[in-house]
Amino acid sequence: MSRRGVIALLAVWLAIGVGTALRLHHAGGVFGEAVPLGDSIVAQLAAGVPWLLAAVVAWWAAGRWPIRRDEVLRPFTIQAWLGLVVIVGQQVVLAALRATVVAPGLRPLDPWGAIMEEGVTRGPAALAVYGVIAFVAGVLRRSDARPQGVPAAGRGAGPSS
């Protein structure tokens with residue numbers, strides 16, 4: 001992915017986090033109390049950090065084990081297991097961020113106890129989202145690897161011997 005593509009993805013990630021934080025700030029907290037804008041921005045961006053890490057891992061895995069027509073099962077299995085590890089890692093990172101960075105009024109009462117609950121309730125959806133990220137990364141990596149402007153062989157493009 002080009003530098004502009006990475007910058008665009010980071011800008012979108014930041015815009016979504018800030019937009020969600022503004023919505024939380026204006027809507028109020030769980031009990032209708034006012035949520036300071038800074039606290040809501042920190043909470044939303046902390047929730048997005050594990051997904052940013054997942055996108056980096058998916059990008060790397062798409063280059064390391066690309067899914068091709070001639071070999072589907074092995075790379076798919078490796079990436080599925082890697083996705084499971086990433087989702088478990090995400091829950092640990094999210095709990096750590098909630099326990100340390102997020103303001104007490106916006107974090108669960110027991111951030112570490114929420115790991116199992118969220119892993120069971122949101123884990124399958126998170127794994128599906130990771131799969132979509134890995135698929136898109138594979139498509140983007142495949143298009144980046146394709147040579148641009150190279151003529152096909154046999155059409156008189158190069159010197160003949």
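## Helix packing in a predicted model

Gln90 sits in helix 3. The model is predicted. Gln90 is buried, because its relative accessible area is 6%, under the 20% cut-off. Setting aside neighbours within four places in sequence, Gln90 is in contact with Pro50, Trp51 and Ala54.

**Helix 1**

Helix 1 covers residues 3-27, 25 residues in total. From first C-alpha to last, helix 1 reaches 36 Å. That is close to the 36 Å expected at 1.5 Å a residue. Gly28 follows helix 1 and has a positive phi, near 90 degrees.

Which residues of helix 1 are buried? They are Gly17, Ala21 and Leu24. These buried residues pack against helix 2, residues 37-64. An α-helix has 3.6 residues a turn, so residues three or four places apart point the same way.

| Pair | Axes come within | Crossing angle | Handedness |
|---|---|---|---|
| Helix 1 and helix 2 | 8 Å | roughly 140 degrees | right-handed |
| Helix 3 and helix 4 | 10 Å | roughly 135 degrees | right-handed |

**Helix 1 with helix 2**

The axes of helix 1 and helix 2 cross at roughly 140 degrees, so the two helices are oblique to each other. Their crossing is right-handed. Helix 1 brings Leu10, Trp13, Leu14, Gly17, Val18, Thr20, Ala21, Leu22, Leu24 and His25 to the contact. Helix 2 brings Leu37, Ser40, Ile41, Gln44, Leu45, Gly48, Val49 and Leu52. By class, the contact of helix 1 with helix 2 has twelve nonpolar residues, six polar and no charged ones. Gly17, Ala21 and Leu24, the buried residues of helix 1, are among the residues that make this contact.

**Helix 3 with helix 4**

Helix 3 spans residues 73-100 and helix 4 spans residues 114-121.

From helix 3, Gln91, Val92, Leu94, Ala95 and Arg98 take part in the contact. They meet Ile115, Glu118 and Gly119 in helix 4. The residues of this contact divide into four nonpolar, two polar and two charged. The contact of helix 1 with helix 2, by contrast, has no charged residues.

Methods
Residues are numbered from 1 along each chain as its sequence is written. This is a predicted model: local features need pLDDT of at least 70, side-chain atom pairs count only at pLDDT 80 or more; totals for chains, interfaces and linings use all residues. Side-chain values use heavy atoms; hydrogens and water are left out. Helices (H or I, at least four residues) and strands (E, at least two) are DSSP runs, numbered from the N terminus. The expected span of a helix is 1.5 Å times one less than its number of residues. Buried means under 20% relative accessible area, exposed over 50%, partly exposed in between (1.4 Å probe, protein chains only). Contact means heavy atoms within 4.5 Å. Axes are lines fitted to C-alpha atoms, for helices over the stretch in contact, and angles run from 0 to 180 degrees between N-to-C directions. A crossing is left-handed if the near helix is turned anticlockwise from the far one by less than a right angle, and right-handed if clockwise. Ala, Val, Leu, Ile, Met, Phe, Trp, Tyr, Cys and Pro count as nonpolar, Asp, Glu, Lys and Arg as charged, and the others, Gly among them, as polar. Angles under 35 degrees count as roughly parallel, over 145 as roughly antiparallel, 65 to 115 as roughly perpendicular and the rest as oblique.
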